[in-house]
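Thanks for coming, everyone. Please have the sequence and the model open while I talk.

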Amino acid sequence: MFLLLLAVPIGMFFGAVPGLGGKIGVVMVIPFVFGMDPISGAIFLISMHAVVHTAGSVPSILFGVPGTTGSAATILDGHPLAKKGQAGRAFGAAYSASLIGGVFGALLLAVSIPILRPVMLSIGSPELLAFAVFGLCMVAALSAGAPLRGLTVAGFGIMIAMIGGDPQSGTQRWALGTLYLYDGLPLVPVTIGLFALPELADMAIQRRSIAGDSKIDSRSGQWEGIKDTFRHWWLVIRVSWLGATLGAVPGIGAAVIDWIAYGHAARTEKGAAETFGTGDIRGVLASEGSNNAKEGGALVPTIAFGVPGSASMAILLGAFLVHGLQPGPDMLSKNLDVTYSIIWSVALANILGAGICFAFSNQFAKVALVRQPIIMPLILTVIMVGAYQGSRNWGDLITVVLFGLLGWFMKRLGWPRPPLILGFVLGAVVERYYFISVSRYDYGWVTNPIVMVLLAIALWGFIRPLMREAKNAGGFTGMLSGYSRSANINLNTLFYGIAFVLIGVMLTQTVLWKYDARLVPQAIGGFSFALLILGFINHTFKAPSKSKTGDDAKSKAVATLKLDISVETQADELQVVIKRALIFLGWIVGFLGGIALIGMLPTILIFVGSYMWIEGRERLKLILSVSFGITIFSYVLFDQMLSLPW
């Protein structure tokens with residue numbers, strides 16, 4: 001119990017700092033468990049790892065910055081709630097849903113290991129491929145209101161997932177001749193850039209604190225969030241079951257499970273089409289209930305078969321082997337006490353983690369009132385250094401900035417960002433299992449009963465939103481009518497043009513590759529290019545649908561921005577937005593320039609102080625305390641503890 005009490009705060013710290021996460025935490029504490037007995041070591045590592053996603057909800061809700069890759073979907077409704085002054089309510093819902101999900105995952109682990117053993121042994125590459133395709137078909141749900149754009153973005157996500165060495169032939173694909181891209185893009189800088197930087201940019205543009213003039217509903221809001229969890233208990237149970245089940249499937253990963261659960265809630269919850277992405281508490285419950293349940297599920301294949309369910313589980317597996325614990329039948333016979341110690345530690349860690357978060361969420365919520373010139377440089381510093389953890393390369397910082405620009409334009413122009421992450425995470429998985437399935441079973445794998453069921457469910461999930469769109473348009477004939485000769489030219493037209501050039505150039509380069517290396521990229525790229533053409537025609541030549549009432553028009557406008565954070569800036573403020581956006585970009589470029597000239601730690605000190613003085617004219621005493629404080633924090637954590645090569 002003492003080790004559990006010690007491990008939980010450590011795990012929460014690694015979850016709350018963007019860019020670190022459970023994998024880094026486990027790597028750091030492994031040297032400290034070598035001298036422990038097997039049960040103590042297992043409890044310490046598992047307890048620490050079990051609460052990472054619970055704490056990851058804090059930056060996701062407060063700043064729109066994913067604390068872990070498994071907390072990214074929490075941003076879509078959690079951050080708008082914080083902007084409304086309801087951070088306390090979002091925290092209450094997130095912690096209670098995480099608690100239920102974590103305990104549910106532990107119960108599943110306790111019950112299912114003996115039962116699921118024969119089932120898990122029968123799962124091969126065709127079933128894993130079908131699971132990945134099922135996950136990709138959530139794109140249709142995650143881009144309702146803009147299905148062509150969502151599917152195009154997902155295709156682009158799959159394409160960038162294939163950057164680097166092709167596993168079949170060794171061909172370097174879209175690596176641009178740089179060593180940084182030889183192993184592909186790291187997930188952390190891409191996620192942080194796509195979701196974190198756009199929120200910071202909009203905070204700088206609006207020049208306000210996170211909550212603005214809203215009042216914080218800290219304590220009362222927490223209780224309201226807990227009540228929300230029990231009001232929607234069936235949703236929490238469903239997403240917990242979904243998270244635990246998908247967590248037990250090796251290769252799916254934490255980065256997409258919360259998106260799949262979020263998409264499931266968006267498709268099944270009443271009225272979700274109009275409210276998800278605008279601050280709907282059900283979106284927070286869906287994401288947080290699933291990501292904690294995933295941990296119990298991921299332990300099933302790790303303990304029962306020695307097949308890690310995620311990268312973090314692979315590191316844990318290594319720690320088990322060091323302690324003489326051999327995953328497999330022995331964990332269900334000789335070492336059954338260790339197995340149940342692990343199960344108890346998962347359950348108790350989630351209870352303790354939720355309790356700690358509830359105790360301090362009042363303080364967390366008040367962060368939303370901190371002035372923008374103070375909070376902005378601190379968040380930007382932490383996410384840039386955290387992103388540098390991806391591969392400890394200059395390319396990580398450039399990736400954050402490039403995907404930050406892409407994410408900001410996508411958010412402003414109504415292009416859904418979640419499908420890009422979903423495609424990026426699952427793209428390489430689909431390609432790998434496709435080639436393995438074909439080489440082992442030819443095309444007979446398609447007739448596998450499990451595969452057929454999963455593909456049927458995936459197909460239904462794919463076409464159902466499209467059918468709903470057709471119904472709203474008055475049938476498929478309605479979808480194909482309403483075109484005019486007059487063109488609608490705006491900023492989205494330019495974005496389409498850039499997308500045409502980018503995907504076109506990527507497709508052109510595939511011609512010189514070997515057959516195995518170009519098969520999937522050409523198929524996905526061609527599909528995305530065709531969808532891009534259809535989307536461009538719709539955007540440019542189709543007249544907007546006329547509705548009888550302003551309310552109908554308003555609801556349709558909301559639906560087109562579904563499952564992404566809406567932008568509050570009015571059209572008449574465009575010049576101000578552009579000016580302030582360029583100033584913010586200038587600060588980021590200056591930050592990178594400072595790193596190149598004098599190194600990261602001195603740049604952090606100068607950048608934070610300069611931003612607070614120029615943007616906010618803060619008091620000198622406050623500037624010195626904040627800038628030196630964040631520099632010392634970065635030195636202790638990243639230099640002394642993580643040995644980051646500055």
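**A walk through the model**

Let's start in a loop. Leu176 is exposed, because its relative accessible area is 70%, and exposed here means over 50%. Leu176 sits between strand E2 (172–173) and H10. Its backbone deserves a look. Phi of Leu176 is positive, near 60°, and this residue is not a glycine. For background, most residues other than glycine have a negative phi.

One reminder before going on. This is a predicted model.

Is Tyr180 buried or exposed? Tyr180 counts as buried, because its relative accessibility is 15% and the cut-off for buried is under 20%. What does Tyr180 touch, leaving out residues up to four places away in sequence? The list is Leu185, Pro186, Ser391, Asn393, Gly395, Asp396 and Thr399. There is also a distance to note.

Arg617 is in the loop between helix H27 (600–616) and helix H28 (620–641). Arg617 is not a glycine, yet its phi is positive, about 50°. Arg617 is exposed, since its relative accessible area is 52%.

Now the whole chain. It holds 28 helices and two strands. There are 646 residues, and 57% of them are buried. Take the contacts with a separation of 6 or more. Of those, 81% are between residues 24 or more positions apart.

The largest nonpolar core has 156 residues. Which members touch the most other members? They are Leu200, Ile383 and Met384. Look at Ile383. Not counting residues up to four places away in sequence, Ile383 touches Pro18, Val65, Ile192, Ala196, Leu197 and Leu200. As a general point, nonpolar side chains tend to be buried together in soluble globular proteins.

On to a helix pair. The axes of H10 and helix H20 (residues 418–441) come within 11 Å. They cross at roughly 175°. That angle is why H10 counts as roughly antiparallel to H20, the cut-off being over 145 degrees. From H10, the contact uses Leu187, Val190, Thr191, Leu194 and Phe195. From H20, the contact uses Pro418, Leu420, Ile421, Phe424 and Val425. What is the make-up of this contact by class? It has nine nonpolar residues, one polar and no charged ones.

Now for charges. How many salt bridges does a search of the whole structure find? The search finds 14.

Lys83 and Glu199 meet through their side chains, at 3.9 Å from N to O. Lys83 is in helix H5 (residues 75–83) and Glu199 is in helix H10 (residues 187–206). That pair links distant parts of the chain, 116 residues apart. Both Lys83 and Glu199 are buried.

Here is another. Asp228 and Arg89 form a salt bridge at 2.7 Å, N to O. Asp228 is in helix H11 (residues 218–231) and Arg89 is in helix H6 (residues 87–121), so the pair ties together parts that are 139 residues apart in sequence. Asp228 and Arg89 are both buried.

Asp228 has a further partner. Asp228 forms a salt bridge with Arg231, where the closest N and O atoms are 2.5 Å apart. Both residues lie in H11, three residues apart, about one turn of the helix. In general, an α-helix has 3.6 residues a turn, so residues three or four places apart point the same way. Asp228 counts as buried because its relative accessibility is 3%. Arg231 counts as partly exposed because its value is 47%.

Salt bridges with shared partners join Lys83, Glu199, Asp202, Lys411, Arg412 and Arg417.

Last stop, H5, the helix that holds Lys83. Nine of the nine residues of H5 are buried, so H5 is largely enclosed by the rest of the structure. Among them are Ile75, His79, Pro80 and Lys83. After H5 comes Gly85, whose phi is positive, near 85°.

Notes. Residues are numbered from 1 along each chain as its sequence is written. This is a predicted model: local features need pLDDT of at least 70, side-chain atom pairs count only at pLDDT 80 or more; totals for chains, interfaces and linings use all residues. Side-chain values use heavy atoms; hydrogens and water are left out. A salt bridge is a side-chain nitrogen of Lys or Arg within 4 Å of a carboxyl oxygen of Asp or Glu. Helices (H or I, at least four residues) and strands (E, at least two) are DSSP runs, numbered from the N terminus. Buried means under 20% relative accessible area, exposed over 50%, partly exposed in between (1.4 Å probe, protein chains only). A nonpolar core is a set of buried Ala, Val, Leu, Ile, Met, Phe, Trp, Tyr and Cys residues joined through side-chain atoms within 4.5 Å. Contact means heavy atoms within 4.5 Å. Axes are lines fitted to C-alpha atoms, for helices over the stretch in contact, and angles run from 0 to 180 degrees between N-to-C directions. Angles under 35 degrees count as roughly parallel, over 145 as roughly antiparallel, 65 to 115 as roughly perpendicular and the rest as oblique. Ala, Val, Leu, Ile, Met, Phe, Trp, Tyr, Cys and Pro count as nonpolar, Asp, Glu, Lys and Arg as charged, and the others, Gly among them, as polar.
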